[in-house]
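User: Hi! I'd like a close look at a single part of this model, please.

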Amino acid sequence: MKRPIVFALIAGALFGAGLAVSGMADPQRVRGFLDLFGAWDPTLAFVMGGALIPMAIAWRVQRRMTSPMAADRFALPTARDLDPRLIGGAALFGIGWGIAGLCPGPAIADLAIAPVPAAIFVVAMLGGMILHRLLPAAPVKQPTLETSNV
Amino acid sequence: MGDVFANAMPVQGLIGGLMIGTASAIMLLGLGRIAGVSGLAARATGITVDGAPRPLAIAFVVGLPLGALLVALILGPVEERFEQGLAALVIGGLVVGFGTRLGSGCTSGHGVCGMSRLSARSLVATATFMVMGFATVAVMNAMGLGQ
């Protein structure tokens, strides 16, 4: 069976089901995990641990494959530099995650569970993504001006 | 020990996590792609032209609520406490959307896929958003904005 769209739909549905089963569709449970100095709820750590197991195996399998099962080639991230955008973006994401108790996966899955508040968050999130797009693209290794007397 | 972490759901968390990881493995081994929800959402909506072919991104993103809906239909109501209020939803959403694009990923792409690949970028990103998440909730609680 080489129907990539079926793979994508099954992956998305299994991902969404996993979020619902794990309690991660509940923003208060996620905030409970982030409330490290309060009534800490470690559930998210179990979810992350559980998710890392199949993926750690999958990466080992991937190294032995020349191409994916339903696509021509692997298209995987190649960036290696720890640039300010990576760290600044992750920091902002963490702040938003803490404020709302939602990250993109659970928010989209919640469109079926709590449609109104989930939709408000998702629309705002897409707005944030559009705002980012309006920024100038990442500079391509601009030559830095050396100033001797800073 | 009974009341320590009284509300935690370690078993459901682990099972759900295994499902999430398996879904990510299907994306990797089936389609050769990272199951990063923020990137796929941006691709599905046309906000970016980079990444997976758009029909695949749309199928994955549509699958997320479908899977959650299936769980609700089969296992009964899914726990969802949206108590954060309108301002937190809007501000949080804006910041999450902007931040995940700027930082090239979120909990799924960096947290699940990148960390299991031992990507230095993903390890740094995940540590950063975890610490900032902890700090944000701590500051909000200290300011009396706890939920």
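Which residues do ring pairs link into a cluster with A:Phe33?

Analyst: Ring pairs link A:Phe33 with A:Trp40 and B:Phe134 in that cluster. Before we dig in, this is a predicted model: local features need pLDDT of at least 70, side-chain atom pairs count only at pLDDT 80 or more, and totals for chains, interfaces and linings use all residues. Residues are numbered from 1 along each chain as its sequence is written, chains are lettered from A and ligands numbered from 1 in the order in which they are written, and side-chain values use heavy atoms, leaving out hydrogens and water.

So what's a ring pair? Rings of Phe, Tyr and Trp (its six-membered ring) pair if their centres lie within 6.5 Å; planes under 30 degrees apart count as stacked, over 60 as edge-to-face and the rest as tilted. Over all chains, the structure holds six aromatic pairs. Take A:Phe33 and A:Trp40: their ring centres are 5.7 Å apart and their planes sit at 40°, so this pair is tilted.

How covered up are these two? Buried means under 20% relative accessible area, exposed over 50%, and partly exposed in between (1.4 Å probe, protein chains only). A:Phe33 is buried, with a relative accessible area of 5%, whereas A:Trp40 has 24% and is partly exposed.

For contrast, A:Phe93 and A:Trp97 form a stacked pair, 5.9 Å centre to centre with 20° between the planes. A:Phe93 is buried at a relative accessible area of 0%, and A:Trp97 is buried with 0%.
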